[in-house]
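Subject: The structure, and what turned up in it

Hi there,

Here is the structure I promised to pass on. Have a look at it first, and then read my notes below.

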Amino acid sequence: MPSEANRKQDKEIMAAQARQVIDVFHEISTLLNADLDRQTLSICISLIENGVNPEALASVIKELKKDAEETQKEILQSRGQR
Amino acid sequence: MAHIAKLGALTDELVALLTSASADGEPAKFNAHKESALRALRNHNYPRTNQFDVWNRLDGLDEKFRVYNEDQLADALKERLQKISRLEGKWSSEILHLLLELSDKPLANSKLKDLDLLKEPEPQTETPLRWKDLAANDPLLRDKHVWRNVDFGAESSDEDGLSDISMPTETTTQSSVEDDVDIHPNDHVVDVSSEEKLIELREAQFWLKTPSINGVKLETVKKPITELQAIREVLFMLAGFPTSLFEVRTEGSKIFEPCKGYALRHASPDSFRKLLKSLAADGSSITFLKSWAIRPQHIPLLQVFQAAILKHIAEFDGLLSRIQERFVDPADDVVVSLLLVKEEISSYIRSLICLSELTKRLDTEPYAHAFRYLEMLYEQASISQMGGDEEMYAFMGTLFFECFQVYLRPIRTWMEEGELEKEDKVFFVAESSGEMDTLSIWQARFKLRQTQDGTLHAPNFLQAAAGKIFTTGKSVVVLKHLNKVSLMESFERILEPSLDFATLCNPAALQLVPFVELFDGAFDAWIRSKHQYASSTLRKILFDQFGLCSSLDALSGIYFMADGAQGSAFTNPSYDKLDTLDVTWNDRFALTELARGAFGTLPSVSPDRLRIAVLPLSRKNQDIGRCRRTVKVLSIIELKYQLSWPIQIILTPDTISSYQRIFTFLIQIRRSSHILSRQRLATDLLTITSSSDERSLYYSLRTRLLWFIQALYYYISCLVLEPSSCKMREDLEAAVDIDSMVQVHSSYIKSTVNQALLGSKLELIHKTILKILDLAIKLEDAQAANAAGAKDTMDRQQEMMDLSMASLGLHTPQKPRRPSKFSPRNLKVANPKDEASSDDEEKDIDLSILSSTLLEGDETELSYFEKLLEMRADFDRLVRFVANGLRGVARAGGGQEARSWDTLGEMLEAGLGDGNGSIGRSY
């Protein structure tokens, strides 16, 4: 059906647009050295669109990253000692 | 609820991504994270985002970028922000807020090329050339415009999707290619199929294994390693790489030390450690050598040394890799033995260690010249030859000659062209700064560079040959000045013998000949091949073209008055002028005319070059009357003969002054001789004027004086000047090069001066002789005065007789009347009247006019006879003094001069002894 085709096209267009948006934001995050990969960024964007406060989200991300780093260090140390 | 569920799901994902702990793997942790995240997200105190604040911050950031000169970064950011604002997202400012919060020092850390990293649409395996590689190296390539227009070989069609955005400078363009393939870190993971290889690898990494028993790590037990691993470590260490088996200590230069933690299973730890220690010491030396060899150097001499060292190190590295190849890819069965490896590399290592020691010594020496290492290599070569170490000898010898070739370069240019490089501080010949006239080319323009303690600035094995090198170069320079270089080139040059180790120290044939000898001989031959032609050409030219011989003839003719007649023609008029109290006797121009006239007729003398310079008279001699009484005054006359400048190289100006002194002495002697012999005895006025006692005294004194003067003159001209001149000419002919000619001439003139009693030792004797010569003048003056006085009385008597006769009416034979003279003893005023003396012939100069001047200083009126007696006594005394003095000095000294003095002394004593029987010979 043409409407379906239209809708599909619309969907594609929307998808393309969304991808563009994410691209731009990804580039900005690289320029600002925010160290976010695409997936994380998209999740963050989704979270924010769901009303999460950006600052809170930023602090959470920082904490999780810190935790992750520590865990990594522990793993490496344990590996090194072996 | 849906909202919360969504949140939860999203949070799950977030946590999973960030902490890489999955819900399955570590649920406890995961849940903990998730809970804390959710809590944080919900219960927070942060205010809502302030869009204006966000945009302000972004503007501020943009400005900051520009201030810090990161214009491209700022532009890129601005572009993206513009796009965002165009897209009109509801949450864009929140997202931007988030990104701002997460941004971590963008100024320092953001790189534009990270953007390019984002755009990796094509899979990596297809293009060997990667965008980011190119972009990393070449900023121009970041501009896609450039990329698209030129097809660099490795480009694939996947690039076509990139859009072409015109940007002013290197800004990144945006990726409009959308690929489904996202580059994800996981893609880089290598797929390891087999576990065994991994285990093998881990085994081989022995440094990671810690011996442990039951999980307890044992620190003090040494880790066992296989010999192959040890060999590998050793080879790496020798090549200079960091290894686990050897620790590196850096104290100025790297020093290797074996690590204590390892041991071989089949060897005792001590022996292993010893072995490693020696290898480590070798490695340290080699590393030091390597670091020395790459220091930047400006002097070519050191550069060639460094090049040679590096070559050897490269050979050594090649050897190491060949050994490694044997182990890595064994073609046959290979024995794995650390000792064997050590043995193989030992010869190489030995030479390298030797070099390393050399460089260490070079470093520690203060004020080392650039060629110090040449000296050290030379020493090493001879030492190793003496010690029978063939290999080391060959090694050092080849190295030495390689480096020596570079040292020879400036020597070669100097000897062949006579040219020096301006900035060369290494070569030992230096040009003096400042303008030099041609005269001093030989002597002063070039000098040998010397170190602070006075030794020549050349390697010690070249010191002997340095003189020859110096003179060769100087000869070439002089020849160039004489425009005679073409002559030299027309001679066929002998090809210079090659100086290198293989030909020189051919081990088969010349094993036992000391290196020092071989080198000296070879270098001598090399120098001779260059030196000969320059030097001999110059000699030839000096002799033939510039007439060295005729110059010598001229000098002897002028200064030594070799032609006596001409000499007299020059001297006699001046003497006469002196005696007639003519103040113009020392007139420069008149004398010059006289000299030119007299000496100009000699064949080798060109009168234009001759001139007389007259020194000013001292005040006490201003009065002509006084100054004629002593011969010392004649020393003010100086002859100057101009020689051409090449001749002056050999007959140096300072020797000319010695010639002058001899000339002065000769004219002094001649003066006395002249004054004595002028009076013709045929017209013997004395018979009338003096008694026979006086006469005999006078005659004997006169004879004595004449004898003395003649003996002296004979001695000087025939016994001193003539033989030494002949000898000097012979020596000059025989001399090999210019310096020896100069030497010959200067020693000749020095010896002649000494023999002619003008040396410093015989000053007293010289003065005495001058006194004797003065005596002659005194004698003649006394005689003339006496004669004049007697004449006067006689004339008066005659007058009276005439008068009386006349009164008696008789005639007396008229004597030619002389105009009245002053009464000799009363008048003190000097009043020279010339007409009496210019009466008659000019030779017959009457000394009677001087009678008045005679008495000026002489208050006591001695009679003529007493004066004669006094003079006689003086004469005896002085001559005896001279003779004794000469014999004494001759006894004290030795050599040619002493012999001549002895001869003269004997002659004088003989004369004395004969004349006076009562005085015996004194020995």
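Two strands pair if DSSP finds at least two bridges between them; the strands themselves (E, at least two residues) and the helices (H or I, at least four) are DSSP runs, numbered from the N terminus. This is a predicted model, in which local features need pLDDT of at least 70 and side-chain atom pairs count only at pLDDT 80 or more, while totals for chains, interfaces and linings use all residues. Residues are numbered from 1 along each chain as its sequence is written, chains are lettered from A and ligands numbered from 1 in the order in which they are written, and side-chain values use heavy atoms, with hydrogens and water left out.

**A strand pair in chain B**

Strand E9 (residues 610-614) of chain B runs antiparallel to E10(B), and five bridges join the two. Of the five residues in strand E10 (residues 637-641) of chain B, four are buried, where buried means under 20% relative accessible area, exposed over 50%, and partly exposed in between (1.4 Å probe, protein chains only).

B:Lys290 sits in helix H12 (residues 269-293) of chain B.

B:Lys260 is in the loop between strand E5 (253-258) and strand E6 (262-264) of chain B. B:Lys260 counts as exposed because its relative accessibility is 58%. Leaving out residues up to four places away in sequence, B:Lys260 touches B:Lys222 and B:Arg273, contact being heavy atoms within 4.5 Å.

**Salt bridges**

Over all chains, the structure holds 24 salt bridges. One of them joins A:Arg38 and A:Asp23 at 2.3 Å, N to O. This pair links distant parts of the chain, 15 residues apart: A:Arg38 is in helix H2 (residues 38-49) of chain A and A:Asp23 in helix H1 (residues 2-31) of chain A. A:Asp23 is buried at 10% relative accessibility, whereas A:Arg38 is partly exposed at 22%. In chain B, a network of salt bridges links B:Asp62, B:Arg66, B:Asp71 and B:Asp75.

Enjoy exploring!

Terms used. Salt bridge = Lys/Arg side-chain N within 4 Å of Asp/Glu carboxyl O.
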